[in-house]
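Hi everyone, thanks for coming. Let's have a quick look at a structure that may be new to you.

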Amino acid sequence: MMNQSEVMENKQSVSLSTTNPISLVSALFSPVKFFSQLKVQRKLGVNIFIILVLYGIITYLLSQHLLTNNEIGSMLPKELQNGKSQMIMVIGTTLVGIFQFLFTVLVSTLIYKIILSFAKVRVTFKGLFHIVMVAQIPLIIGKAINLLFINENTMEMPITSLGFTIQSWTDSVFILNFFSSLEIFSMWSYFIIALGASVCIGFSRKKSMILVFSTWLVFLTISSMLLSILN
């Protein structure tokens with residue numbers, strides 16, 4: 001039986017693991033430990049706020065770059081080609097980007113929820129949403145890295161993707177669309193989702209990996225086919 005000091009130490013450890021902004025870093029390098037502690041006490045609001053702020057900063061910088069260092073800015077009416085108007089547009093674009101990001105995470109969570117229900121795995125939407133949201137951190141890091149190297153060639157083809165590597169070897173729209181989504185930070189993100197599902201839900205780690213990555217590859221193939229047809 002734990003004494004009072006041990007109980008207080010345990011509570012402090014759990015609290016730090018779920019509310020301290022720095023603790024989100026452990027989700028990248030020690031995901032099993034992070035999700036084990038997250039399973040005990042979830043602080044969804046705190047983590048969502050931190051992740052949305054990080055995403056908003058990256059989106060703001062990207063929007064600012066597109067309007068000031070890209071031909072998009074020169075295409076605007078002359079009355080909008082001033083600092084104040086561009087700032088309003090950047091802020092507006094950033095807010096829209098944040099809402100789109102949040103909507104995408106919600107839809108992804110819903111898809112995984114439906115798939116898990118077919119697999120007869122019980123999980124709350126809130127808990128699954130938290131896992132998917134935390135898994136967006138690698139994608140944000142990837143966007144930040146791509147922002148550092150952004151130019152005309154990396155606008156639609158992230159420098160961290162396999163598509164960027166093979167774009168000089170093929171003209172196939174399908175292959176380029178498919179491999180442009182195969183990048184290290186996306187795979188890192190799905191790996192975290194699979195581990196989170198395994199730890200927090202009690203799902204088999206092997207089955208979790210197969211379910212998450214197979215779902216990703218199916219949707220990636222379908223979206224790449226549709227984009228190749230539209231183009």
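So, from the N terminus on, the elements run α-α-α-α-α-α-α-α-α-α-α-α. That's twelve helices and zero strands, where helices (H or I, at least four residues) and strands (E, at least two) are DSSP runs numbered from the N terminus. Bear in mind that this is a predicted model: local features need pLDDT of at least 70, side-chain atom pairs count only at pLDDT 80 or more, and totals for chains, interfaces and linings use all residues. Residues are numbered from 1 along each chain as its sequence is written, and side-chain values use heavy atoms, with hydrogens and water left out.

Of the 231 residues, 40% count as buried, meaning under 20% relative accessible area, with exposed over 50% and partly exposed in between (1.4 Å probe, protein chains only).

Now, the inside. There is one cavity of 30 Å³ or more, a cavity being a set of points on a 1 Å grid over the protein atoms alone where a 1.4 Å probe fits but cannot get out; lining residues have an atom within 4 Å of a point. About 50 Å³ of space lies in the largest cavity. Which elements give two or more residues to its lining? They are α6 (83-118), α11 (184-201) and α12 (205-230). α12 gives the most, with three residues. Among the lining residues are Tyr-112, Phe-203 and Ser-208.

At 35% relative accessibility, Leu-61 counts as partly exposed.

Conventions
1 Å grid on protein atoms, 1.4 Å probe; cavity = no way out; pocket = protein on both sides within 12 Å on 5 of 7 lines; lining within 4 Å. Points joined across faces, edges and corners; volume = space filled by probe spheres on them.
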